[in-house]
Amino acid sequence: MTIQEIRDYLARFVGAVELVGKVDELISGPAKIESAQIGQVSFIANDKYARYLATTEASLVIVHKSLSVDEFSHRTSFLKVGDPYTAFVFLLQKFATPRTIAHKGIAISAVIGEGVTLGEGASIGEYAVIGDRCTIGSNVVIGPNTVLFQDISLGDNSVLFPNVTIYDGSLIGKRVVVHSGTVIGADGFGFAPQSDGSYVKIPQMGIVEIGDDVEIGANATIDRATMGSTVIGRGAKIDNLVQIAHNCRIGEDTVIAAQAGISGSVTLGRQCMVGGQAGFAGHLELADRIHVAAQAGISKSFLEPGIALRGYPAQPMREQLKHEAMLRNLGAMRDKLNLLEAELKELKNS
Amino acid sequence: MTIQEIRDYLARFVGAVELVGKVDELISGPAKIESAQIGQVSFIANDKYARYLATTEASLVIVHKSLSVDEFSHRTSFLKVGDPYTAFVFLLQKFATPRTIAHKGIAISAVIGEGVTLGEGASIGEYAVIGDRCTIGSNVVIGPNTVLFQDISLGDNSVLFPNVTIYDGSLIGKRVVVHSGTVIGADGFGFAPQSDGSYVKIPQMGIVEIGDDVEIGANATIDRATMGSTVIGRGAKIDNLVQIAHNCRIGEDTVIAAQAGISGSVTLGRQCMVGGQAGFAGHLELADRIHVAAQAGISKSFLEPGIALRGYPAQPMREQLKHEAMLRNLGAMRDKLNLLEAELKELKNS
Amino acid sequence: MTIQEIRDYLARFVGAVELVGKVDELISGPAKIESAQIGQVSFIANDKYARYLATTEASLVIVHKSLSVDEFSHRTSFLKVGDPYTAFVFLLQKFATPRTIAHKGIAISAVIGEGVTLGEGASIGEYAVIGDRCTIGSNVVIGPNTVLFQDISLGDNSVLFPNVTIYDGSLIGKRVVVHSGTVIGADGFGFAPQSDGSYVKIPQMGIVEIGDDVEIGANATIDRATMGSTVIGRGAKIDNLVQIAHNCRIGEDTVIAAQAGISGSVTLGRQCMVGGQAGFAGHLELADRIHVAAQAGISKSFLEPGIALRGYPAQPMREQLKHEAMLRNLGAMRDKLNLLEAELKELKNS
């Protein structure tokens with residue numbers, strides 16, 4: 001791509017793009033600012049990297065519009081934008097080699113059930129199995145050995161990697177990405193205790209609903225509802241090995257890091273961020289934009305938007321950090337206590 | 001189904017069922033008491049829902065035998081039972097749409113090894129692979145793309161969902177359910193350290209034995225024993241993403257919630273309940289009916305049946321709650337200490 | 001095998017092997033010292049088992065070279081070695097029944113992409129799918145229903161169990177073992193936040209590199225790097241359900257127990273041992289030979305080799321145990337504080 005083509009491409013995503021330098025130099029690919037070579041594009045989003053401006057070999061650098069680059073423009077070209085990091089991410093997308101998850105079209109070995117609707121341009125890989133009455137949107141890609149039960153809806157441009165399993169009735173939006181090994185719609189963990197100590201299974205009759213633009217990592221599990229739906233809101237991002245139990249509702253654009261576990265009937269607000277290995281007790285609610293620290297244990301609802309939670313049982317960050325500081329100070333408390341004891345003894349004896 | 005048919009069906013599972021109302025009204029399906037419509041069946045198992053008796057649209061409500069319903073029986077029919085919740089669960093099972101995990105019979109694409117015994121009515125899905133000398137019970141269902149190594153026994157009426165993997169020699173009981181992505185019988189994590197810091201693999205020569213009526217969630221892992229067996233007792237229920245290491249023995253009717261991890265050679269008693277993300281050190285034992293709180297870390301054996309454990313390292317609930325209360329009170333302790341210090345100083349100066 | 005054959009076999013792995021007893025007795029298999037029968041071989045690696053010398057039914061016992069066994073040699077034969085435990089492990093490997101993961105050769109149903117190089121003696125199971133331009137080493141075994149994307153290199157004698165997924169570009173060494181359900185090379189969890197609260201995906205353009213002699217358990221996840229490589233060093237052992245995020249570097253011979261989670265860009269040294277369910281914040285570093293306790297939360301770098309870490313946030317073992325002892329002693333501190341308060345009051349009043 002020429003610098004001009006990069007400029008035009010970025011302008012579609014990040015608005016105004018000012019070019020300082022050569023229009024038609026060819027750019028072969030992206031690189032980090034400290035290791036970029038001639039012909040490559042890099043970026044500076046953070047002042048501490050500005051020192052590389054004078055020395056980088058990159059032919060093109062994406063920088064913030066406020067950065068003064070004129071003294072370097074004789075050797076390097078620049079694209080000035082409002083958010084250089086995001087601009088570079090879009091550029092990475094442009095340079096990324098497209099991955100072949102499944103060859104174009106429907107593999108001869110793919111098993112397509114009765115009454116399945118296949119959208120235009122859909123690709124279904126070898127040995128994939130699609131249950132009866134599924135609706136597959138246009139340009140969907142389904143990897144090899146992935147299994148869909150019946151009555152599943154999969155929106156346009158969604159991608160299921162290989163070895164994914166989707167249980168019956170799941171409703172999945174557009175541009176959803178599900179990585180390998182993930183299981184969507186398995187039965188929620190519901191059993192009614194009997195007087196003899198055994199259990200009777202509670203049929204899990206609900207479904208899973210996943211909004212548009214959701215991405216789910218590898219080997220995650222999202223259980224179907226007992227009745228009604230487990231809901232993953234539009235734009236949510238769920239990392240590897242995350243567990244989402246029956247009847248949860250995950251808000252739009254909420255992000256959940258690896259190995260976190262959300263118990264049954266939990267509601268998370270929009271734009272929350274949940275750290276890795278965090279755990280939630282059942283039937284509680286978090287407001288919008290709440291941040292949960294890694295390994296935290298959330299044992300009750302928090303309804304104030306935008307707060308941060310930490311610890312076990314989790315409490316708002318400020319109290320928890322105060323608490324942790326007090327714990328670290330416990331030795332000094334003990335020493336002071338022993339000193340007072342000695343002084344008091346002395347005072348009594350005198 | 002008519003109300004009479006529901007009554008007859010329930011009587012097989014929950015004993016005496018008294019009908020107050022119409023025998024032959026048709027019931028189309030189940031619903032929650034607050035949203036049920038005419039023609040639907042619901043239940044009240046908890047006094048706080050009794051207020052809905054006067055207003056529900058449900059045509060049939062399952063209630064406790066002690067509940068007085070005569071004043072509502074002109075508009076609603078009732079089935080009076082000893083345990084309305086369990087009765088409703090059995091009714092849900094009746095109304096649940098049967099899921100097609102694999103079409104009846106053996107898919108042509110299924111690979112069946114040499115010397116495999118197939119029970120009557122077994123269904124094996126597309127691209128499933130069954131190793132040599134496996135014994136598959138009657139009415140077993142094996143989902144597409146599930147793989148069984150050799151010498152596996154699978155009892156009558158068991159169900160393996162798609163994309164399950166069972167390693168060689170596993171012995172699996174009757175009516176066992178294994179959800180997608182779960183791996184049973186992989187090698188235990190055993191390596192002998194060498195003087196140069198590297199490891200030699202300890203062959204894992206044992207197997208996994210799973211009792212009748214066990215249900216295992218999605219993406220769980222149950223490792224084979226080094227020698228002998230890893231044992232999952234009859235009726236145990238194991239949730240998604242649970243890890244059970246080599247040589248564990250899980251008691252009958254014990255329930256283990258999502259993402260819990262049981263280290264090697266742990267023995268859990270019968271009817272224990274283990275919370276989500278709880279972890280166990282190796283080679284320890286819990287007595288029967290012990291409850292382990294979510295995220296707890298069990299570092300030693302507890303041999304008193306029926307106790308509850310919590311915290312890290314876990315201790316009996318009462319001590320742990322006392323400990324947590326003391327921790328919450330740490331600020332008051334510090335304040336009192338500072339006050340005493342000031343008073344003592346004053347006293348010395350006077 | 002005769003005892004002489006066992007001696008010759010072990011001499012290849014553990015050096016000097018002294019035989020006390022009969023050369024040509026036949027040994028049928030291994031057993032624990034307390035339950036061994038005539039014709040079986042066992043071992044004693046620990047003094048507390050030496051009491052079994054007089055009573056064991058085993059025909060052959062592997063012992064430390066310093067152990068005096070002459071008084072028992074009329075009824076039992078002995079092989080004396082420097083490390084009886086390791087010698088027995090090698091013997092277990094000899095007696096282990098070979099598992100058939102895939103039949104010899106390439107299954108007719110396996111899909112082999114264009115430009116794939118297949119080494120001599122490679123076995124590829126039913127319904128496995130191998131992407132274009134993969135290089136498969138000699139004697140590699142790939143289980144049924146395992147999927148490899150394109151441009152993957154898999155070294156000689158490596159074994160992929162069934163239902164594994166390897167993403168494009170992964171470079172995997174020799175003698176690597178990957179158990180079922182594991183996903184290698186899925187996209188790292190990288191999304192650039194936008195001003196409206198939504199996210200733009202950061203393309204994950206790097207790869208995963210796995211050294212020789214690595215073993216990875218079931219249902220683990222190892223993400224590809226954003227740029228460059230996620231690296232698993234030679235000889236590392238990774239247990240079930242472990243998460244290793246993008247751009248991590250795991251040192252040689254490092255061992256990571258089940259359900260541990262390593263956040264992005266973490267570097268672990270050589271010969272570290274990470275306990276189950278331990279978690280790491282991103283972008284930190286551990287020196288060589290560091291031990292991390294189960295469930296610990298590592299929130300910063302530790303650069304002193306050989307230390308042990310424990311707790312949340314984790315600190316060196318000695319401090320952490322001191323801290324935990326102080327916490328257990330909190331009740332005594334509170335009592336002493338109350339006593340001092342009373343004494344001081346009394347003193348003031350007098």
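## A buried tyrosine in a loop

B:Y127 is a buried residue, for 28 other C-beta atoms lie within 10 Å of its own; a residue is called buried if 20 or more other C-beta atoms, placed from the backbone, lie within 10 Å of its own, exposed if 12 or fewer do, and partly exposed in between. This residue sits in the loop between β8 (123-124) and β9 (129-130) of chain B, where strands (E, at least two residues) and helices (H or I, at least four residues) are DSSP runs numbered from the N terminus. Although B:Y127 is not a glycine, its phi is positive, at about 65°.

The model described here is a predicted one, in which local features need pLDDT of at least 70 and side-chain atom pairs count only at pLDDT 80 or more, while totals for chains, interfaces and linings use all residues. Residues are numbered from 1 along each chain as its sequence is written, and chains are lettered from A and ligands numbered from 1 in the order in which they are written.

## Other backbone features in loops

Most residues other than glycine have a negative phi, and most peptide bonds are trans. B:N163 belongs to the loop between β14 (159-160) and β15 (165-166) of chain B, and it counts as buried, with 33 C-beta neighbours inside 10 Å.

Cis peptide bonds can also be found in the model. In chain B, such a bond joins B:Y312 and B:P313, with omega at about -10°, and B:P313 is placed in the loop between β36 (308-310) and β37 (315-316) of that chain. In chain C, a cis peptide bond joins C:Y312 and C:P313, with omega at about -5°, and C:P313 is placed in the loop between β36 (308-310) and β37 (315-316) of chain C.

## How the chains are related

Two copies of a chain are related by a rotation about an axis and a shift along it.

## Where the chains touch

Between chain A and chain C, 48 residues of chain A are in contact with 48 residues of chain C, two residues being in contact if their C-beta atoms, placed from the backbone, lie within 7 Å. On the chain A side, the elements that give two or more residues are α2 (84-95) and α4 (330-349), and the largest share, nine residues, comes from α4(A). This side divides into 19 nonpolar, 19 polar and 10 charged residues, where Ala, Val, Leu, Ile, Met, Phe, Trp, Tyr, Cys and Pro count as nonpolar, Asp, Glu, Lys and Arg as charged, and the others, Gly among them, as polar.

Between chain C and chain B, 47 residues of chain C are in contact with 48 residues of chain B. The elements giving two or more residues to the chain C side are α2 (84-95) and α4 (330-349) of chain C, with α4(C) giving the most, nine residues. By class, this side of chain C has 18 nonpolar, 19 polar and 10 charged residues.

## The domains of chain A

An automatic or database domain assignment divides chain A into domain 1 (3-95), domain 2 (111-317) and domain 3 (318-350). The C-alpha centres of domain 2 and domain 3 of chain A are 49 Å apart. Five residues of domain 2 of chain A are in contact with four residues of domain 3 of chain A, and the domain 2 side of this contact has two nonpolar, two polar and one charged residues.

## A helix with two faces

Helix α1 of chain C (residues 3-14) has 12 residues and reaches 16 Å from its first C-alpha to its last, close to the 16 Å expected at 1.5 Å a residue; the expected span is 1.5 Å times one less than the number of residues. Its buried residues are C:I3, C:I6, C:L10 and C:V14. These cover an arc of only 55° around the axis, so they lie on the same side of α1(C), the arc being that of the directions from the helix axis to the C-beta atoms.

The buried residues of α1(C) pack against β1 (18-20), β3 (40-43), β4 (60-64), β5 (77-81) and α2 of chain C. The face of α1(C) turned away from its buried side carries the exposed residues C:D8 and C:R12. After α1(C) comes C:G15, whose phi is positive, near 75°.
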